[in-house]
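Subject: Structure for your review

Hello,

Here is the structure you will be working with, together with its sequence. My notes on what was found in it follow below.

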Amino acid sequence: MNIHTSAEAAAVAAECPVNSHNEWDPLEEIIVGRLEGSTIPSDHPVVTCNIPGMAARAQSLAAGFRFPKFMIEPAQEELDNFIKVLESLGVTVTRPEPFNHKAKFSTPYWSSRGFCNSCPRDSMLVFGDEILETPMAWPCRYFETHSYRPILKDYFKRGARWTSAPKPQLTDELFDPDFTLPEKGEPLRYILTEFEPVFDAADFFRCGRDIFVTRSNVTNAMGIDWLRRHLGDGYRIHEIKSRCPNPMHIDTTILPLGPGRLLINPEYIDPDELPDILKKWDVLVAPEPDPINDRILKITSMCGKWLSMNILMVDEKRVIVDPHHTNMMRQMEQWGYEPIPAPFLHYAAFGGAFHCATLDVRRRGTLESYF
C-alpha cells in the first residue's frame, strides 16, 4: 500500500493543476463558463419538466434559436465583472473555447441542437487530481464538454487524471412517458427510469472522503451507483432526501460552507431526514430569498427563487454573493462570513449563478475525512 505523509500529499497536489477535495479550501484555479454561441435548449420533456412555468412555455416556443441580445448582453456584463472579482482575489480563471451551440448533431437514435457552456459545474466533477466528464440526461448537452477539451487535454498533459463516464444512449427507454410533476403532498417521482446510468455533476457536493448527492430528474439511482463503484473504497457516497417537487441540482437545496457547517433550503430539506453523519454539523437555514420583481427576469430565468443559495466559497471565510439578495448578505455576515458582492441576476436565464457558472479545479488542501 502506498501511504503518503501529509507533507508528501501536499507536494504531489502542488505539482498537479487539478486538486480539489471540497467546496471551501482556499480557491486557486477555477473554470468559468461562456455565453458565446448560446442556444435555447431543445423542447424535450427532460428539459421542460425542470424549468419554471413561464420560462418553460417561452423555451418550448423558441427552442433551437439563439438567445436574444437583450438576454445575453446584461448577463455577459455580469460575467465579465465576476471574472474580474475572482482575479482580484488572486484566483486563476480558465475559460472554455467559444462554441456554436446552434449546430445540429445526431446519434443513431435522435438529433438535437446544443445549449451553452454557461455551467461547467454540471458536466464535470473533480475528485482530487481527477476530472470526470458526466453522462448528462439533456440531449442538447450531449457534446457540451467538447468546448472544454483544450483545457482537459492541458490538465492531462500536466499530470491530472481525465475520465469520462459511459456516454448514454438517451433513447426513449430512459424517460417515463407518463411522468407528471407531483402535486403538493404527493410522493416524489422522477422522469428518469433506470435504463442506463446518467447524472449531472451539480447533483453532488464534496466533503473530502464523503460525497453527498440528491437523486433528481437528471440523476438516477444507476448513475449514483456507477459513481460509487468508480470511486471505490476511498470515498463514501450518501444520498440526501430532497422535498423539491422537480429536483435538479443540489446547490439550491443544500451546500457545505466549511467543516461542520451546512447551508440548507428550509423548503426542500428536513434536518431530521439528513444522513446521520450530517446531523452532527451546524445547520444554517437560508433566509427567505429577496423577491425579483423585474418581469423579464421572471420570464427568462431557468431557475427557482432559491438561486440566492447559489454562492461560491473562496475560502472558509469569504463568499461571493449576489448583492440583490440582501437577506443572504446580512445572514452571511451574522454567521461570521465576509460576503463579496457581485451582481449576477441575468445569468439565471442560462442556468444558474456563481456555483453553477464555475468549476473549482484547484483548492489548496489535501484529501481528508471530516466525520
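Strands E8 and E9 run antiparallel and are joined by four bridges. Please keep in mind throughout that this is a predicted model. Within the pairing of these two strands, Arg206 stands opposite Ile211 in E9.

Both strands belong to an open sheet of three, ordered E8-E9-E10, in which the pairing is mixed. E8 and E10 are the edge strands, and each of them pairs on one side only. On average, and ignoring direction, neighbouring strands of this sheet are turned by 25° against each other. Helix H7 packs on the sheet and touches E8, E9 and E10; the direction of H7 makes about 160° with that of E10.

Which residues of H7 are buried? In this helix, which spans residues 221-231, they are Gly223, Ile224, Leu227 and Leu231. These residues cover an arc of only 100° around the axis, so they lie on the same side of H7. Just after H7 comes Gly232, with a positive phi of about 75°.

**The sheet E2-E1-E17**

Another open sheet has three strands in the order E2-E1-E17, with mixed pairing. Strand E2 (92-94) and E17 stand at the edges with a single partner strand each, so one side of each has no neighbour in the sheet.

Strand E1, residues 27-32, runs antiparallel to E17, and five bridges join the two. Val32 stands opposite Thr358 in E17. Helix H4 packs on this sheet, touching E1, E2 and E17, and its direction makes about 165° with that of E1. Helix H6 (residues 149-157) also packs on the sheet and touches E1, E2 and E17; the direction of H6 makes about 145° with that of E1.

**Aromatic rings**

How many aromatic pairs does the structure hold? The count is 19. One of them is formed by Phe67 and Phe350, a tilted pair with 4.6 Å centre to centre and 50° between the planes. This pair links distant parts of the chain, since its two residues are 283 residues apart. Phe67 is in the loop between helix H3 (53-62) and helix H4 (69-88), while Phe350 is in the loop between strand E16 (338-341) and strand E17 (358-363). Phe67 and Phe350 are both buried.

Phe105 and Trp110 form an edge-to-face pair, because their ring centres are 6.2 Å apart and their planes are at 70°, and planes over 60 degrees apart count as edge-to-face. Phe105 has 16% relative accessibility and counts as buried. Trp110 is buried too, with a relative accessible area of 14%.

Phe67 and Phe350 also belong to one aromatic cluster, which they form with Phe82, Phe344, Tyr347 and Phe354.

Two charged side chains lie over rings. Arg141 is over the face of Trp138, at 5.9 Å from the ring centre. Lys167 has its charged end over the ring of Tyr142, 4.8 Å from the centre of that ring.

**Two residues with positive phi**

Most residues other than glycine have a negative phi. Leu170 is not a glycine, yet its phi is positive, at about 55°. Leu170 is found in the loop between strand E7 (161-164) and E8. Is Leu170 buried or exposed? With a relative accessibility of 3%, Leu170 counts as buried, because the cut-off for buried is under 20%.

His249 is not a glycine either, and has a positive phi of about 85°. His249 lies in the loop between E10 and strand E11 (254-258). At 8% relative accessibility, His249 counts as buried.

Regards

Key:
Residues are numbered from 1 along each chain as its sequence is written. This is a predicted model: local features need pLDDT of at least 70, side-chain atom pairs count only at pLDDT 80 or more; totals for chains, interfaces and linings use all residues. Side-chain values use heavy atoms; hydrogens and water are left out. Rings of Phe, Tyr and Trp (its six-membered ring) pair if their centres lie within 6.5 Å; planes under 30 degrees apart count as stacked, over 60 as edge-to-face and the rest as tilted. Buried means under 20% relative accessible area, exposed over 50%, partly exposed in between (1.4 Å probe, protein chains only). A charge sits over a ring if NZ of Lys or CZ of Arg is within 6 Å of the ring centre and within 35 degrees of the ring normal. The arc is that of the directions from the helix axis to the C-beta atoms. Two strands pair if DSSP finds at least two bridges between them. Contact means heavy atoms within 4.5 Å. Axes are lines fitted to C-alpha atoms, for helices over the stretch in contact, and angles run from 0 to 180 degrees between N-to-C directions.
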